[in-house]
Amino acid sequence: QVQLVESGGGLVQAGGSLRLSCAASGMIFSINAMGWYRQAPGKRRELVAQSTNGGRTNYADSVKGRFAISRDNAKNTVYLQMNSLKPEDTAVYYCNARNTVQTAIPNYWGQGTQVTVSS
């Protein structure tokens, strides 16, 4: 099992910034990627950004150039720096840990943190 604890959500005005953090513990060796998803009311959960152990990153088109994912491997923590926030970024953001190769290993999720961007 992998446990994920998120922090850093909140209310911000459009154009502002927030940084989300997610600390992982437990069977860290079983995962090779960490990332962030978000889910707005009435919408499906979508990938925001992901970082693999090999250093590869990918982003949703809607956040490219505004969001940046980073990892502190010594602390088993992944961050999401969100700049130039827009009202459409409002959602619950979930930390995710997974193994992209061994699909039998389950996806792990954090409890979610609310991000609200006011116009």
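A salt bridge here is a side-chain nitrogen of Lys or Arg within 4 Å of a carboxyl oxygen of Asp or Glu. With that in hand, take D89 and R66: their closest N and O atoms are 2.8 Å apart, so the pair qualifies as a salt bridge. Bear in mind that this is a predicted model.

In the chain, D89 sits in the loop between β8 and β9, while R66 is in the loop between β6 (57–59) and β7 (67–72). The two residues are 23 apart, and the pair links distant parts of the chain.

Are these two buried or exposed? Buried means under 20% relative accessible area. D89 has 1% relative accessibility, so it counts as buried. R66 has 11%, so R66 counts as buried too.

Next, R38. This residue forms a salt bridge with D89, with the closest N and O atoms 3.0 Å apart. R38 lies in strand β4 (residues 33–39), and D89 in the loop between β8 (77–82) and β9 (91–98), 51 residues away. That pair also links distant parts of the chain, and both R38 and D89 are buried.

How many salt bridges does the structure hold? Four. One of them pairs the side chains of D61 and K64, at 3.0 Å from N to O. D61 has 65% relative accessibility and therefore counts as exposed. K64, with a relative accessible area of 49%, is partly exposed, because exposed requires over 50%.

Methods. Residues are numbered from 1 along each chain as its sequence is written. This is a predicted model: local features need pLDDT of at least 70, side-chain atom pairs count only at pLDDT 80 or more; totals for chains, interfaces and linings use all residues. Side-chain values use heavy atoms; hydrogens and water are left out. Helices (H or I, at least four residues) and strands (E, at least two) are DSSP runs, numbered from the N terminus. Buried means under 20% relative accessible area, exposed over 50%, partly exposed in between (1.4 Å probe, protein chains only).
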